[in-house]
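Hi,

Here is the structure I promised to send over. Have a look at it first, and then read on for my notes.

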Amino acid sequence: MPVHTNSYPILQLGSEGAKVEELQRLLMPRLPGPDRFPVNGIFGSETEHAVETAQYQFFLKQTGIVDEMLWKSLYAKAPVNKPVLRRGAKHELVAMVQEVLKDNGLYGGAIDGDFGAGTETAIKNVQRNRRLTIDGVIGNQTWKVLCDIATFVTVN
């Protein structure tokens, strides 16, 4: 199994061992009761589903494969190394944000990756409801809140 020099191993279906057990312990608080699974050091389909859930929560591609970004996000309990996004941005992350907002009934527009007026309004509403600076810009604090929203829809 390949290991990054900073000791974030790539884990996927079929992986086994202490790092898989550590991963399972990090994933457990992110899952609702019925989706929990045994912490047994075996990366099976239940762990793969939990990884995909966490990837959704942290605005990462849902591959089911654990990489450095997912490890860092799990340790931080928040999305890491995300760009600042604002009106006019066209990015796959904008589509991920739009999907999370739509899943929670906070956005009614298209999931098109285009940060337009509707996306900006939805972000401002989230910022207002969470008592953040209302600027319509997705920076670190707004990323964290969006992660909480993604976790809420997935976990609760």
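Let me start with α3: its buried residues pack against α1 and α2 (45-57). By buried I mean under 20% relative accessible area, with exposed being over 50% and partly exposed in between (1.4 Å probe, protein chains only). The helices are DSSP runs (H or I, at least four residues; strands would be E, at least two), numbered from the N terminus.

Some ground rules before the rest. This is a predicted model, where local features need pLDDT of at least 70 and side-chain atom pairs count only at pLDDT 80 or more, while totals for chains, interfaces and linings use all residues. Residues are numbered from 1 along each chain as its sequence is written, and side-chain values use heavy atoms, leaving out hydrogens and water.

Back to α3. The buried residues in this helix are L70, W71, S73 and L74. Looking down the axis of α3, they fall within an arc of 165°, so they line one face of the helix.

How do α1 and α3 meet? The axes of α1 (residues 18-27) and α3 (residues 68-76) come within 10 Å and cross at roughly 50°. Axes here are lines fitted to C-alpha atoms, for helices over the stretch in contact, and angles run from 0 to 180 degrees between N-to-C directions. α1 and α3 are therefore oblique to each other; under 35 degrees would count as roughly parallel, over 145 as roughly antiparallel, 65 to 115 as roughly perpendicular, and the rest is oblique. The crossing of α1 past α3 is left-handed, meaning that the near helix is turned anticlockwise from the far one by less than a right angle (clockwise would be right-handed). On the α1 side the contact is made by K19, E22, L23, L26 and L27, and on the α3 side by W71, L74 and Y75. Contact stands for heavy atoms within 4.5 Å. Sorted by class, the residues of this α1 and α3 contact are six nonpolar, no polar and two charged. For the classes, Ala, Val, Leu, Ile, Met, Phe, Trp, Tyr, Cys and Pro are nonpolar, Asp, Glu, Lys and Arg are charged, and the others, Gly among them, are polar.

α1 also packs on α2, at an angle of about 50° and with the axes 10 Å apart. That makes α1 and α2 oblique to each other, and α1 passes α2 in a left-handed crossing. L23, Q24 and L27 of α1 make the contact with T47, A50, V51 and A54 of α2. By class, this contact of α1 with α2 has five nonpolar, two polar and no charged residues.

Which residues of α1 are buried? They are V20, L23, Q24 and L27. Down the axis of α1, the buried residues fall within an arc of 100°, so they line one face of the helix. They pack against α2 and α3, while the face of α1 turned away from the buried side carries the exposed residues A18 and R25.

Two spots around α2 are worth a click. Q55 lies in α2 and counts as buried, at 2% relative accessibility. Leaving aside neighbours within four places in sequence, Q55 touches L60, K61, Q62, T63, G64, I65 and L70. F59 sits in the loop between α2 and α3 and is also buried, at 2% relative accessibility. F59 is not a glycine, yet has a positive phi of about 60°. Most residues other than glycine have a negative phi.

V97, Q98 and L101 in α4 meet T119, A122, I123 and V126 in α5. The residues of that α4 and α5 contact divide into five nonpolar, two polar and no charged.

R131 has a positive phi of about 60° without being a glycine, and is exposed, with a relative accessible area of 78%.

Cheers

Key
The arc is that of the directions from the helix axis to the C-beta atoms.
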